[in-house]
Amino acid sequence: MPSKDSKQNFAALRDKILSQNGKEYWRSVEEFVDAPEFKEFVTREYPAQAEEWDSSLSRRNFVKVMGASLALAGLSGCVMQPPEKIVPYVHADPDLIPGKPLYFATGMTLGGVTTGLLAKSYDGRPIKVEGNPDHPGSQGATDVLAQASLLNMYDPDRSQEVTYRSTPKTWPNFVTELRGKVNENRVDNGAGIRFLTETITSPTLIDQFKQLSAELPGARWHQYEPINNDNAIAGAKLAFGSPVHTIYKFDKADRVLSLDADIFSDFNVGYIKDYSKKRQWSEENKDINRLYVVESSVSITGSKADHRLTVKPSEMPEIAKAIAAALGVGGATQANNNNAAWINAMAKDLMAFKGRSVVVPGRGQSPVVHALAHAMNAALGNVGQTVVYTDPLSPNSDKLQIDQLRELVADIDAGKVKILVIIDGNPVYNTPVDLKLNEERLNKVPLRVHLGEYYDETGELCHWHISGKHYLESWSDGRAYDGTASIKQPLINPLYDSHNAHELVQLFFKENYDKKDYDIVKGYWQTQNLNSVSAAPAAAPETAKTAAATAAPSASPAASAPKPSASPAAGATTAAPVVPKNFEDNWRKVVHDGVIPNSAPQPKTVSATTAFLGQPPAPAPANGGDLEIIIQTDPCIYDGRFSNNGWLQELPRPLNKITWENVGLISPKTAARLGVNRSYKERELGGGDEGYAFINTKGGNKFSDLVTVTYQGAQIQKGVPMWITPGQPDDVITVFLGYGRTKAGRVGTGLGYNAYDVRRSDAMYNGTGSVAPTGERTEIASTQIHFNMEGRDLLRVWDLEEFNNNEKLGEQEDFYPESMFPYEQHQETYAKNHKWGMTVDLNSCVGCNACVIACQSENNIAVVGKEQVNRSREMHWMRIDAYYGGDDLSNPTGPAFQPVLCQQCEQAPCEVVCPVHATVHSAEGLNDMTYNRCVGTRYCSNNCPYKVRRFNFLLFQDWDTPQFKLMRNPEVTVRSRGVMEKCTYCTQRIAAARIEAEKDGRAVRDGEAVTACQSVCPTDAIIFGDMHDKESKVAKTKSDRRNYNLLNELNTQPRTTYLAGLKNQNKEMPDFRAPKPHSGMMGAERGEPEAE
Amino acid sequence: MQDLKEVQRRIYPPMVEGDHTLATVTDKISDVPLKKKTPFHWFIGFGIAFMIAQMLMMTIIWLLAKGIGIWGTNQPVGWAFPIINFVWWIGIGHAGTLISAILLLLNQKWRTSINRFAEAMTLFAVACAGLYPVFHTGRPWLAYWLFPYPNTMSIWPQFRSPLVWDVFAVSTYATVSLLFWYVGLIPDLATLRDRAKNKYFKFVYAIFSWGWRGSARHWHRFELAYLILAGISTPLVLSVHSIVSLDFSVSQIPGWHATFFPPYFVGGAIYAGFAMVLILCIPLRHLYNMKDFITHTHLVYMGKVMMATGFIVGYSYLFEAFFGWYSASQYEWFMIKSRIWTGPYWYMYWLLLLCNVSAIQLLWFKRFRNSEVWLFIVSIFVSIGMWLERFVIIVGSIHHDFLPSSWGMYSPTVFDISMFVGTLGFFFTLIYLFVRFLPMISIFEVRTLLPEANVHGHQEDFEENVVEIEYTYDRTDPPNA
């Protein structure tokens, strides 16, 4: 009961408000009224300055107030609930069998490249991502980012609502406000409207922007993302005069030269698939491809190279020119080069494979290098064979993204921008420091809208933040690396009040502004001639093609068609292929297949000139110091967008196994020169006496010096921990993007240093700088601390030629002392059942880590956090061991990679020591783990020579967050504290295949039971199946003469075996390493295969 | 005859010094729990020990709440402090039974005055040890699954696992040790019952003395039971630590997988046990003025046993290294090299050699052997050394095993240390309670050492021997020359 004064004031104010018809939008009532009395009223409203009560509270009043309060309390329950259908299944959807997963084709886009995926849906929840075998960019495989994207969808830290200046609002609020503003801007054709997106190849979104530019010709659309193809575009313009998109055909290339291109870290795993097809060795095909890498930092591609040359980034253009000259590119000169022998031998080899070789430049290389690569490919006759050119897939490609950003920044600074719509991306965080969209700059824009999955650094500085749909929640489309379009369909209703780019852009239209993404995408494709594209025979396997995608977007995805995965067992329903007749049929088919056939652009004929060689070199940025510094994306969290993803944070970086952090890579010699990480003695650095290899640290105390890094005059704010890396060129420091987030979520905020602090628009990928020790140290959580095999016969790599010529090489002698326990008794059991086995082809494996994340996703493996990794308690059931070889710490071979998972020993050392029978052998030869029975003595883990068992030292699983409950694979136990766990060969997948087979009364066929790691592998390095089936792939690989058991002398009889790696060296190369003499036995003294 | 007395003292030193009669022995020992005012030092010592024991309790509560991840145990070092401490305590627990049983069977009279508290020490050490296997499991509330109890699922423990053998070995050892100690206590409990003035004490002693009246029939049965228990205990002394050592031998980790572990571990256990007995009895005989019963001779004898077992241990170290080389297995040899000089824990090995091999060399010399202070210091060294030995074997072997990629390091956390120190507190709490409420020295057995007890029988033994000695004496120099 306010005082009389108040009542009077209030009446006066109300009149005042009613008489106003000022600003249409206001942030608060104060702002709207803008009257001194009102301000006073507001301030007095609060108890601290409350006016005195002038009437005592009578009993009658009290009862009235109480009654009213109760009534009002009831009112709040009167919010209209959304309508719900409560009709139970009378006739259930025939495709929806409770407890049986369905697969839907969809796709994920990163950097404008879409990878086709099959998402596994379990009772309407996506729980696993697989590659789409029909999609050219996937071919059934995915990389780590696509695998881990599932966790992003269920991330409890995702933004969950529309907010205005961090106050919760609704989508209709936003629509009203935005449309009002847009209408205001129609006066000058929307000249103040700016869109900032990442690289867009979605045909629908491109079409939307096209139509919008007709309606609002003044509006501008800018594309920028921190990792882009600017250099490739600029290089193409140098070489051809126009921007073209380059497609490589590694499956036709026998000789590959990478100029700093990290082919094996590509999101587009189609390239890795293609490459590995040429790498497969068999008795029939003994010739495999050869990979030359010239690079200025370490990468997994360089590790797998047959010949690797490290140069400083600044030397790269000269090296490229020298190679071009050696390949006979006109105009190129070989000047002042120290690596002439290497280059000439390599060039000679490439020349011998004209039309069957390929030169690939890295995206961080300067345009000149790209242009030279085009010229080299032309000189080698590769164009049309291994290299295909098309028009760019993204519009406005003639303008570099950095220039587009520059224009936007100029317009903002000039005050021209009235509405800025930032769609996805996090430009506040990731724009170059000289074009930073910082608070000061953004405040010049009167209305800022941000659409994103996270309320991140950018969302914080925008007026409106619209929570973005995850790709598993939204309809969209996109193009693969070769331009093949595909429709992305949602697997689940958006978990939150989220929207996507299509819906946001649609709001700018005068008409039909409130369309749903489904209608927008379908509407676009209705205008396209799907009939013609679907005339081509679809490569899709015969599958049930039912009511695909006809459902409204809000309907349960269960209404969409099921799609068998790579494993036919999961959806063995067969139906007659539907011959498409009309749009609906076509639409269903393309949504179902996940690929729109023949939608790739036609190859374009262009001819490379070398006129650019005559041009003066681009002005180099000012010299910033005596060191060269390379800026790279993080191998796990990419440019920072995945920084709140615990799976990726905890994923060991392929080369140094660091988790939860970014470090600066430094060569051993440079570290010694600069006095960085110095206190470690040579022996500790070397880590053993069997030749040099590498540990960065003494034992497990993973300490690194923190240094300040200055790059082109600017300094990274946080200290950068240094990590001594063999193979890193001297005087070159590599720093990684993606960390130093200030608003990523509870996982990613505050980790690592931020390399965007120093990244400049004129030095995006490398530049000069200096480092200075701060005197401080930090502890780095790394899952492997010793990278030397110590002369043990663990990871075999043979020289190809020697191996081809020596039939005896690689044979493993199995002789063991007589045992009291007869081995044969188990064999009788195994003979009656499936005999599961696996081989891992170390020649194919590129160490990309996809299997590790696939395993984590499939098997509900917990994330433990940095502190626990530091205590070496990571839970990954599968790890990829890396070992360096060679005697020179500065120029080692490798590291070579060896995926290690449970070896499923027939004579398992873990089983005999378990006191409670918690780990026992199955009749099919699996080493089963009974979580319920485990009391946690950890004896099994101690006795496991492969150390593949993982123990729940604490309650690592998050049992409370509701989102994670949805995400988990219901077929795999969620393990509790105090229990040992390990790889089971995905026993749930085997069981699913077995059930299908038993229904038909037959044995499981080869390829029906597919482990998670196997199905995701981009190189087909993991082969799993029944060893009894003589025709199975696994049985064949077991008889490959590269096959060997790890730690064979322990007589564990592992079911997992390895195929030795091969190194296809060129004898004429100056860095040719002659194979060591072998006598065919294990052990250091008896001559072990060379540790790569 | 004066010379003969001297010879007698030298060859058969008296096990009871001073002018004690049967009555004074009883008075002196039984007065500690019954009559004497509880000394101030007891309150101090007990208070400290009890507080430290509370730390153990808090650690266990936190452990149960959070999980064993509060320790530093990790992958690959799946066993660390808890198992080190378990083996260490079990080792300490060996001396009591050895003294009681084996020395009894060997008719070593000098065991009499120290056996009681050595046995008590054994029990308490086994109690401390027993905590670890239970609480080191991931799910301690299910640790009973290691016992072969009948359950509805008809699941038995897996008898191939050494951990199950451990369960049997340790629980049998604990049971037999308890019985042996308790049976030996019965006559003394009866004495206390008879002498107790406080009716509550009298009642409790009465209950536990089972109506002992000291009749000839009682004594007859007692002697028989005691002898049988000694017979049962004797193999247990050898079996317990042998089986504990099999936890390691059965596995295939280089550094664990060694056939000579059982004797090596038993030798080490007796070594550690005697060291702990010395650590306890040197202060006790001063604080409670028991020098007449725990004589200088006792200390010297124990020092000699410690030295002998120390050499067994030293020999084992030598041959561990030799086998590492002789096996021609690169893993074994790497492990030895890593243990001794290339590995990150090399200093632990050298500390171990300092404590277990170097320190006991002092006992060659009479000067040190006869000095209580030096014996005490050496015993402390040995106790630390035996702990280090287990660290070197357990952590030192497993942190670097077959695959270098999986190598790791171990460092204890504050909870590892509080658990260990806490068990020390628990141990000393029990020791303090024991000396306060029970006769720390066997009254009736010490009485048998007095000349009065030897009016017939034993004296004759002596005289026979003396004749022998005299015979030798005639032909050689006088003993005191």
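## The interface

How much area do chain A and chain B bury between them? The answer is about 5000 Å², 52% of it on carbon and sulfur atoms; buried area is the accessible area (1.4 Å probe) that two parts lose on being put together, summed over both. On the side of chain A, R792(A), Y939(A) and R977(A) lose the most area to chain B, together 15% of what that side buries. The contact (heavy atoms within 4.5 Å) draws 62 residues from chain A and 61 residues from chain B.

Between chain A and chain B the count is 1 salt bridge, meaning a side-chain nitrogen of Lys or Arg within 4 Å of a carboxyl oxygen of Asp or Glu. D401(B) and K947(A) meet in a salt bridge through their side chains, at 2.8 Å from N to O.

## A sheet in chain A

Chain A has an open sheet of 7 strands in the order 5-4-16-15-14-6-7, with mixed pairing. Strands here are DSSP runs (E, at least two residues), numbered from the N terminus, and two of them pair if DSSP finds at least two bridges between them. The edge strands are strand 5 (167-169) and strand 7 (220-223) of chain A. Strand 6 (residues 193-197) and strand 7 of chain A pair in the parallel sense over 4 bridges, and R194(A) stands opposite R220(A).

## About the model

This is a predicted model, in which local features need pLDDT of at least 70, side-chain atom pairs count only at pLDDT 80 or more, and totals for chains, interfaces and linings use all residues. Residues are numbered from 1 along each chain as its sequence is written, chains are lettered from A and ligands numbered from 1 in the order in which they are written, and side-chain values use heavy atoms, leaving out hydrogens and water.
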